[in-house]
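Here is a short note to read alongside the model. Take a look at it, then follow the points below.

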Amino acid sequence: QVQLVESGGGLVQAGGSLRLSCAASGSIFSLYTMNWYRQAPGKQRELVAAITSGGSTNYADAVKGRFTISRDNAKKTVYLQMNGLKPEDTAVYYCNAKRLMVDSWGQGTQVTVSS
């Protein structure tokens with residue numbers, strides 16, 4: 001298993017930026033596909049961005065062109081750079097690691113975007 005700890009959430013005005021970090025420990029971080037999900041009140045959890053072990057990325061349509069996912073395997077950390085934030089981006093953001101039978105989640109970090 002891999003343990004995940006998110007940080008970097010907070011309150012920001014619309015149009016602002018935040019960078020989320022997710023520090024991993026325990027297993028071979030570089031082999032995992034790393035994902036960022038979010039869950040807004042009353043809504044289902046949704047995939048925001050993903051990055052594979054090879055560095056390929058994928059984004060939800062709602063965040064394309066505004067968010068960037070990246071990873072630093074030496075630091076065992078995945079990042080989510082969020083620019084041009086909108087009130088509809090308000091949610092708890094979760095880091096997720098997947099590989100074979102492993103599916104690990106962090107505790108989440110709150111992002112609130114004020115209009």
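This is a predicted model: local features need pLDDT of at least 70, side-chain atom pairs count only at pLDDT 80 or more; totals for chains, interfaces and linings use all residues.

1. Residues are numbered from 1 along each chain as its sequence is written, and side-chain values use heavy atoms, leaving out hydrogens and water.

2. Leu80 is also among the residues with the most contacts inside the largest nonpolar core, which has 30 residues; Met34, Trp36 and Tyr93 are others in that group. Such a core is a set of buried Ala, Val, Leu, Ile, Met, Phe, Trp, Tyr and Cys residues joined through side-chain atoms within 4.5 Å. Buried means under 20% relative accessible area, exposed over 50%, and partly exposed in between (1.4 Å probe, protein chains only).

3. How many aromatic pairs are there? The count is 1. The ring centres of tyrosine 37 and tryptophan 105 are 4.9 Å apart with planes at 55°, so the pair is tilted (pairs need centres within 6.5 Å; planes under 30 degrees apart are stacked, over 60 edge-to-face, the rest tilted). Tyrosine 37 counts as buried at 15% relative accessibility, while tryptophan 105, at 34%, counts as partly exposed.

4. Finally, do look at the arginines. The charged end of arginine 45 sits over the ring of tyrosine 94, 3.8 Å from its centre (CZ of Arg or NZ of Lys within 6 Å of the ring centre and within 35 degrees of the ring normal). Arginine 71 has its charged end over the ring of phenylalanine 29, 4.7 Å from the centre.

Terms used:
Rings of Phe, Tyr and Trp (its six-membered ring) pair if their centres lie within 6.5 Å; planes under 30 degrees apart count as stacked, over 60 as edge-to-face and the rest as tilted.
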